[in-house]
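Please follow the account below with the sequence and the model side by side, as it passes from one annotated span to the packing of helices between and within the chains.

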Amino acid sequence: MTISYLITAIGVQDWTYILVGLTFALYIGIAIWSRANSTKDFYVAGGGVSPWANGMATAADWMSAASFISMAGIISFAGYDGAVYLMGWTGGYVLLALLLAPYLRKFGKFTVPDFIGDRYYSKTARIVAVFCALLVSFTYVAGQMRGVGIVFSRFLEVDINTGVIIGMFIVLFYAVLGGMKGITYTQVAQYCVLIFAFMVPAIFISFQMTGNPIPQFGFGSELIDGSGYLLDKLDGLSTALGFNEYTEGSKSTIDVFAITLALMVGTAGLPHVIVRFFTVKRVRDARKSAGIALLLIVLLYTTAPAVAVFARTNMIETVSNKPYENMPEWFKKWETTGLIRFEDKNDDGNIQYVADEINNELTVDRDIMVLANPEIARLPNWVIALVAAGGLAAALSTAAGLLLVISASVSHDLIKKVIKPSISEKGELMAARLSAVGAVVVAGYYGIHPPGFVAAVVALAFGLAAASFFPAIILGIFYKRMNKEGAVAGMVVGILAMLLYMIKYKLGWFDDTIPDKSEWWFGISPEGFGTVAMVLNFIVSITIMKFTKAPPEEVQEIVENIRIPSGASNVIKQH
Amino acid sequence: MTKKNKAKAYWKENIRYVLMLLAIWFLVSYGAGILFKDELNTIKVAGFKLGFWFAQQGSMYVFVILIFVYVRLMNKLDKKYGYDN
């Protein structure tokens, strides 16, 4: 019996157990090896992570179940409009590298509320920042735990709730034991798993369809069967079925602009991303690791639109006007999960997949585009299983990063800095671990009992971050005269504006129904409103500042000091 | 040069770099990928319409390059002012 025989003889299910089991053993091994011994280990991994390790960890932390599982699917249904996510979730790193990371590293504390609290010399500012950090992180993490549950249930055939509980224990284990140090090194491993799992099927399919193994070039190439350029073909297929031309999209220009900006600025303002840059040794390492993180993220993000095009074309060609009984096995399999639904409205036995909702007979959940893609393209079993391991790596790494922000906000920003400053180092470490346990339990609860609005709210976590942190941090670094009155007023107005707009236009709680698009302010959707709320924050901050007194001399000195890159490692020791 | 003047001069050069790089950041994403997408879409490179390509590929490549250019520029600047210890 040869090895290649063995490899083909093992089924998808067993491959999934093998690959998921191996990767989990790896994460737990790393967690035991990199236990945290001090609060500095727990919050910022001891402050000595190399730029490459930090870049990989940041990339894994950043790319969640949404990036791995949902994004390519969303793009494949949205066409050009999908660019808001691609540019929005990568362009923010440029802002991060040029405007935030180096200065926050030089400042050299543990958390984002630390910076806000010290720079604005005020307990109120710190507490407002803690509130914003918790709001942003909790909305985000609930979605991640749900993602963990979905991957478990689809691939390991346990129910979603069991999946969530297994995921909770794994995250609990390495986040509580290792803190930032533990999660940094597990995230390095998770990056490797998830990028491999994303790239392998993409390369296979690109080669199959276009003969070009590089997906980024493949989707701009001619098809191997001689029917011309792939994108021209997809545009043709889309318009023939009544959809918009794939490369054109349907959102208004102002909305695309606003959403992209809100996502970019929100990315730069997310506490679990910012805190990453506290973990490297020097200011120059902070800049470099932002570049490495983006490079590693862009590898997946430039592949996703190619996957979207391959999957969309394959799907239309497989199902459109084909007899239902001839559908391949994967179609039936996903049908039983309810993620593909077929209703033969005109009783002709064929599948009519068209834009017009009255005649359309097929509903496809966008999440399955990535998950089912390897099956649609008839790739080997191990590749299908690999996608499951990759999806779990993406969801777990992001969940762990967020839980750490939550636990640090409670143990450091609230207990140590506000409630009980006399707490010992040991006591604070214990408090950090206990708050991590608490956070996992709350996140798990929301994973099992998702409030109906979680999915809607996750995308808006970016708007909240854009409306609150980004202006306060930028002004704190680049505008010496900015004072606490201005910053606090700006954050409060920004986050309230975002919350109210979201409640009115996304959740519809004010009017019993969700108001129509035509009522949006300036034609900007709730997803894009973070841009407006951010501008509002800037205006309010600067106006209030003009009428109140300048910050004290020593705070102005802090600002001058963070602008100079040398001596960063000393700052953290003084803490 | 006094310590304070040196810090001021360093900061001024830094701001100039940042503004320059952010201008490019804005042009490739909001310019080529969004505002001028339709005009650029009339140009085709291989199977890609150019505006579409900038929105879903090109802008992201440029973002990565911008950060590494910034890293290089700033490392040089740090050295020039003796802030590279």
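In residues 7-83 of chain B the end C-alpha atoms lie 10 Å apart, and the span is 83% helix and 5% strand, where helices (H or I, at least four residues) and strands (E, at least two) are DSSP runs numbered from the N terminus. UniProt, in an unreviewed entry, lists these residues for "domain: Sodium symporter small subunit"; its positions are given in the numbering used here, feature names are shortened, and annotations may be inferred rather than shown by experiment. This is a predicted model, in which local features need pLDDT of at least 70 and side-chain atom pairs count only at pLDDT 80 or more, while totals for chains, interfaces and linings use all residues. Residues are numbered from 1 along each chain as its sequence is written, and chains are lettered from A and ligands numbered from 1 in the order in which they are written.

Between the chains, the contact takes 35 residues from chain B and 39 residues from chain A, two residues being in contact if their C-beta atoms, placed from the backbone, lie within 7 Å. On the side of chain B that touches chain A, the elements giving two or more residues are helix 1 (3-35), strand 2 (48-49) and helix 3 (50-80) of chain B, and the largest share, 16 residues, comes from helix 3 of chain B. By class, that side has 24 nonpolar, eight polar and three charged residues (Ala, Val, Leu, Ile, Met, Phe, Trp, Tyr, Cys and Pro count as nonpolar, Asp, Glu, Lys and Arg as charged, and the others, Gly among them, as polar).

Helix 3 of chain B meets helix 6 (residues 83-107) of chain A, their axes coming within 9 Å and crossing at roughly 10 degrees; axes are lines fitted to C-alpha atoms, for helices over the stretch in contact, and angles run from 0 to 180 degrees between N-to-C directions. Helix 6 of chain A is therefore roughly parallel to helix 3 of chain B, since angles under 35 degrees count as roughly parallel, over 145 as roughly antiparallel, 65 to 115 as roughly perpendicular and the rest as oblique. Their contact has 13 nonpolar, four polar and no charged residues.

Within chain A, helix 11 (residues 230-240) and helix 14 (residues 283-319) pack at an angle of about 50 degrees, with their axes 10 Å apart, which means that helix 11 of chain A is oblique to helix 14 of chain A. The contact of these two helices has six nonpolar, one polar and two charged residues.
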